[in-house]
Amino acid sequence: MNTAATALDADATAPPRPRGGGVPIELREVWKEFDTKVKALDIVNLDIAGGEFVSIVGPSGCGKSTLLRIVAGLLAPSGGACVRATNARAAFVFQDAALLPWRSVLRNAELLMELEGYAAPDRRQRAEKAMQLVGLSGFADAYPHQLSGGMRMRLSLARAMALQPDLLLLDEPLAAVDELTRDTLQEELQQLWRKLNFTALLVTHNVHEAVYLSTRIAVMSPRPGRIEKVINVPFAFPRAPELRATAEFAALTGQVSALLRHHAVGGAE
Amino acid sequence: MNSARSPLPARLVAAAGQWLPPLIVAAGFLGLWALLTLTIYKGKGFLVPAPQDVAAAFAENFAVIALASLTTLREAAFGYLIAIALGILIAAVLSQSRILERSFYPYAVLLQTVPVVAIAPLIVLWFGYNDFSVIIISLIISLFPIINNTLLGLQSTPRSLVELFAMHRTNRLATFWKLRAPSALPSIMAGLKISAGLSVIGAIVGEFIIGSGGTQGGLGVQIIFAQGRMYTSLLFAEVICATLLGFLFFLIVTLISNALLGHWHESAS
């Protein structure tokens, strides 16, 4: 049977560590129980190197969002530790884009820098650059409700990028957009990650997305959440969109899906 | 001056489309009213006066009605404005702590459940037969919807936005002004709209209780006078004025609400 320990062993078999940059994260025996005595996370161990792109996949309710929030510092673990450089700048991207509807696109892009106390001229300049990065330059004065779902997510990414984060945490960011937009945004996200050198931790239930974007995939089992297996994704970067149509890609997604199915059934027993 | 606006005839058609349906309803209502006074209520003008009799009574007593309306308007406006300031302040304080809310909210509900007509005599006993008592009664009846809606708005900030602000260590005050207050604005405006009409009702009830007190008094006083004299057509004219007064408040709040929310919230039209 796979345990957290064997998941760590799998981790030891030389995952591809593409480049430096970004902040490493170490999850040591982290577990989480809520006030209601619901155990959301069983003991989780995971080592993420600086600059890696790691995805966490698992069925709904497996605690993957809880795990992401522990890494973000939004939740305290009940036990164990999440170790990361204290001066690391982290940004969080939410599924619903989490924009302020009363602020223009530009002022939304400036928000996190405003909260972090950046000077106004600096803010403006960085926000404009970040908007350019995601192709939102012409929309500075628009309001979020005037944007499509895909553009709202681009703005959410731009807002995070403007901070020049060392760590980007993504909570199912593409779950609510249509498939065509999702593919494009996956490609753009990969470009951003390659260009800007941050560590990325993505929670998703979309296996294709995880395989396309990640250096490694952590597969979780439901209730209480546990990392059953960590799978290396061997494809070299940059990954062309056509990669999704290859037999190797299909084989790997098949493998991850089979694991998910297996543990979903196991969890129901 | 050939701007991008649509040509005048097209705009007239659009305006007609907006105003015509309610005008048709008004005409139908007037027609039905006139018909009733010509049939069932024929010769019973003291019960249901004909529309033209009401118009005549209005013209005849214009000076009295105008002065009474201004008095009621002034009282209701004071009551309403104080209710807005006090209601938003109370809700803002209650929203800061669960304990505060649990301790005081039930008593805010009492404001709504205590029959204002029943405590009005008490208010008069305390504050005297004057405008001040009327303002207090108008304030009491307007206060709860503002507290309730503001509190609801302040407490229903989207979770992802609260987490986003927490991620960047934003303090309570900044979170309130940059996030909770603006996101509560649509809800606050909804509360103000409910209280707009209530404040006029409160003023009229107050005037019923204090009576003339030797002065000319507001619409509530004039309505009692008209009733005493069986001058039903005047009574109708005054009731219509009181109704329009509440409507005027509502209209002003709606215009302010649209100006504040128009560019970002769907409740504005």
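**View 1. Packing of helices α6 and α8 in chain B.** Helix α6 (residues 131-155) of chain B packs with α8(B) at an angle of about 160°, their axes lying 6 Å apart, where axes are lines fitted to C-alpha atoms, for helices over the stretch in contact, and angles run from 0 to 180 degrees between N-to-C directions. The two helices, α6(B) and α8(B), are therefore roughly antiparallel, a term for angles over 145 degrees, just as those under 35 count as roughly parallel, 65 to 115 as roughly perpendicular and the rest as oblique. Their contact involves 19 nonpolar, 13 polar and two charged residues, with Ala, Val, Leu, Ile, Met, Phe, Trp, Tyr, Cys and Pro counted as nonpolar, Asp, Glu, Lys and Arg as charged, and the others, Gly among them, as polar. Helices (H or I, at least four residues) and strands (E, at least two) are DSSP runs, numbered from the N terminus.

The model shown is predicted, and local features need pLDDT of at least 70, side-chain atom pairs count only at pLDDT 80 or more, and totals for chains, interfaces and linings use all residues. Residues are numbered from 1 along each chain as its sequence is written, while chains are lettered from A and ligands numbered from 1 in the order in which they are written.

**View 2. The buried face of helix α7 in chain B.** Within α7 (residues 159-167) of chain B, the residues Leu161(B), Leu164(B) and Phe165(B) are buried, that is, 20 or more other C-beta atoms, placed from the backbone, lie within 10 Å of their own. Seen down the axis of α7(B), these buried residues fall within an arc of 95°, so they line one face of the helix; the arc is that of the directions from the helix axis to the C-beta atoms. Among the elements covering them are β5 (90-93) and α3 (105-115) of chain A, together with α8 (172-210) of chain B. Just after α7(B), Arg169(B) takes a positive phi of about 50°.

**View 3. The contact between chains A and B.** In this interface, 13 residues of chain A are in contact with 13 residues of chain B, two residues being in contact if their C-beta atoms, placed from the backbone, lie within 7 Å. On the side of chain A that touches chain B, the residues divide into 10 nonpolar, one polar and two charged. Chain A contains eight helices and nine strands, whereas chain B has 10 helices and zero strands. Buried residues make up 45% of the 269 residues in chain A and 33% of the 269 residues of chain B.

Conventions:
A residue is buried if 20 or more other C-beta atoms lie within 10 Å of its own, exposed if 12 or fewer, and partly exposed in between; C-beta atoms are placed from the backbone.
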